Amino acid sequence: LLENRMKTIATSASAVEQSIRNVRDLSIETRSAVGSTAELFQKYSKAAQQIGASSSDILAVTRLTAQSIQLSGTAAESANAAIIQLGQGLSSGVLRGEELNSVLEQAPRLAQAIADGLGVGIGQLRSLGAQGQLTSQQVFSSLLSQADQLNAEFERTTLTMANQITNLKTATSVFGSEALKGLTTGALGDLVGKLSSVIYVRSDTIQSEVSGFASRLRLRVGEVVGVAGAVANVCKAL
């Protein structure tokens with residue numbers, strides 16, 4: 001899934017591999033789930049194409065956003081919701097409406113970092129969003145300007161058990177994907193592919209045979225029930 005996400009923003013196999021490594025490294029560094037980091041990286045990459053941001057800026061803003069969400073202390077589901085809404089806003093070129101409200105409510109430290117970078121308060125940030133003036137370019141620039149502050153705050157945080165478990169899942173997924181890559185692209189993958197093709201091609205025949213078997217089974221069960229009823233009637237008569 002991560003590879004497929006990266007293929008939407010990378011133009012070569014080497015670029016896809018580099019993007020995957022970047023997402024994995026950022027996930028471990030910021031103690032974030034791989035899926036969430038990939039979502040951020042993908043959305044920022046697409047926004048960067050519109051505003052001409054560099055690859056280093058994309059990595060930096062992805063890191064800073066992930067750090068801000070961690071600093072917000074929100075639950076995983078709320079953090080994911082904020083990331084999705086943020087990504088939608090960035091894709092449209094302007095962060096406003098429901099997208100901005102989600103960031104304000106579920107990732108307050110991220111919203112504060114954007115506001116600080118723009119030199120405004122949270123109330124003014126809402127106004128900018130309502131006026132359609134909070135662009136992807138402003139989000140990029142404001143977060144980059146807050147890098148030192150956010151990095152310092154993140155370094156002072158304590159690594160929790162939940163963080164450790166998240167990083168363990170990331171490390172395990174990396175190991176598992178590498179271990180299975182040879183299998184899925186080798187003989188086992190070919191076998192599964194051929195099996196699925198056979199089942200698909202013969203699906204109508206298989207369904208017909210299953211339906212026929214079910215009908216015959218119902219008929220036999222009906223016969224057994226009929227015989228049992230007859231025996232019961234005989235026993236009552238005796």
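The protein is built from 13 helices and 0 strands, where helices (H or I, at least four residues) and strands (E, at least two) are DSSP runs numbered from the N terminus. Read from the N terminus on, the elements simply go α-α-α-α-α-α-α-α-α-α-α-α-α. This is a predicted model, so local features need pLDDT of at least 70 and side-chain atom pairs count only at pLDDT 80 or more, while totals for chains, interfaces and linings use all residues. Residues are numbered from 1 along each chain as its sequence is written, and side-chain values use heavy atoms, with hydrogens and water left out.

Of the 238 residues in the protein, 34% are buried; buried means under 20% relative accessible area, exposed means over 50%, and partly exposed is anything in between (1.4 Å probe, protein chains only). As for contacts (heavy atoms within 4.5 Å), 68% of those between residues at least 6 apart in sequence join residues at least 24 apart.

Two packed helices are described by the angle between their axes and the distance between the axes. Here the axes are lines fitted to C-alpha atoms, for helices over the stretch in contact, and angles run from 0 to 180 degrees between N-to-C directions. Helix α4 (residues 55-72) packs on helix α7 (residues 108-118) at an angle of about 125°, the axes being 6 Å apart. That makes α4 and α7 oblique to each other, since angles under 35 degrees count as roughly parallel, over 145 as roughly antiparallel, 65 to 115 as roughly perpendicular and the rest as oblique. On the α4 side the contact uses Thr65, Ser68, Leu71 and Ser72, which meet Pro108, Arg109, Leu110 and Ala113 of α7. By class, the residues of this α4 and α7 contact divide into 4 nonpolar, 3 polar and 1 charged; Ala, Val, Leu, Ile, Met, Phe, Trp, Tyr, Cys and Pro count as nonpolar, Asp, Glu, Lys and Arg as charged, and the others, Gly among them, as polar.

In the second pair, the axes of α3 and helix α9 (residues 136-145) come within 10 Å and cross at roughly 110°, so α3 and α9 are roughly perpendicular to each other. Tyr44, Ala47, Ala48 and Ile51 in α3 meet Ser136, Gln137, Val139, Phe140 and Leu143 in α9. The contact of α3 with α9 has 7 nonpolar and 2 polar residues, and no charged ones.

Staying with helix α3 (residues 34-51), Ser45 sits in this element and is buried, with a relative accessible area of 7%. A polar atom of the Ser45 side chain lies 2.7 Å from the backbone oxygen of Phe41. Leaving aside residues up to four places away in sequence, Ser45 touches Ile9 and Ile58.

Leu125, found in helix α8 (residues 122-130), is also a buried residue, at 0% relative accessible area. Not counting residues up to four places away in sequence, Leu125 touches Leu100, Leu104, Ala111, Ile114, Ala115, Leu118, Val120 and Leu134.

On to the charged pairs. Side chains of opposite charge can pair when their charged atoms come close. The whole structure holds 4 salt bridges, each being a side-chain nitrogen of Lys or Arg within 4 Å of a carboxyl oxygen of Asp or Glu. Among them is the one between Lys7 and Glu3 (3.6 Å, N to O). Lys7 and Glu3 are 4 residues apart in helix α1 (residues 2-7), so about one helical turn separates them. Lys7 is partly exposed at 48% relative accessibility, and Glu3 is partly exposed at 35%.

Another salt bridge joins Glu29 to Arg63, with the closest N and O atoms 2.7 Å apart. Because Glu29 lies in helix α2 (residues 13-30) and Arg63 in helix α4, the pair ties together parts that are 34 residues apart in sequence. Both are partly exposed: Glu29 at 37% relative accessibility and Arg63 at 24%.

Glu153 and Arg109 also meet through their side chains in a salt bridge (2.8 Å, N to O). With Glu153 in helix α10 (residues 147-155) and Arg109 in helix α7, this pair ties together parts that are 44 residues apart in sequence. Glu153 and Arg109 are both buried, and Arg109 also turns up in the contact of α7 with α4.

Terms used:
Polar contact = N/O pair within 3.5 Å; in protein donor to acceptor, adjacent residues only side chain to side chain.
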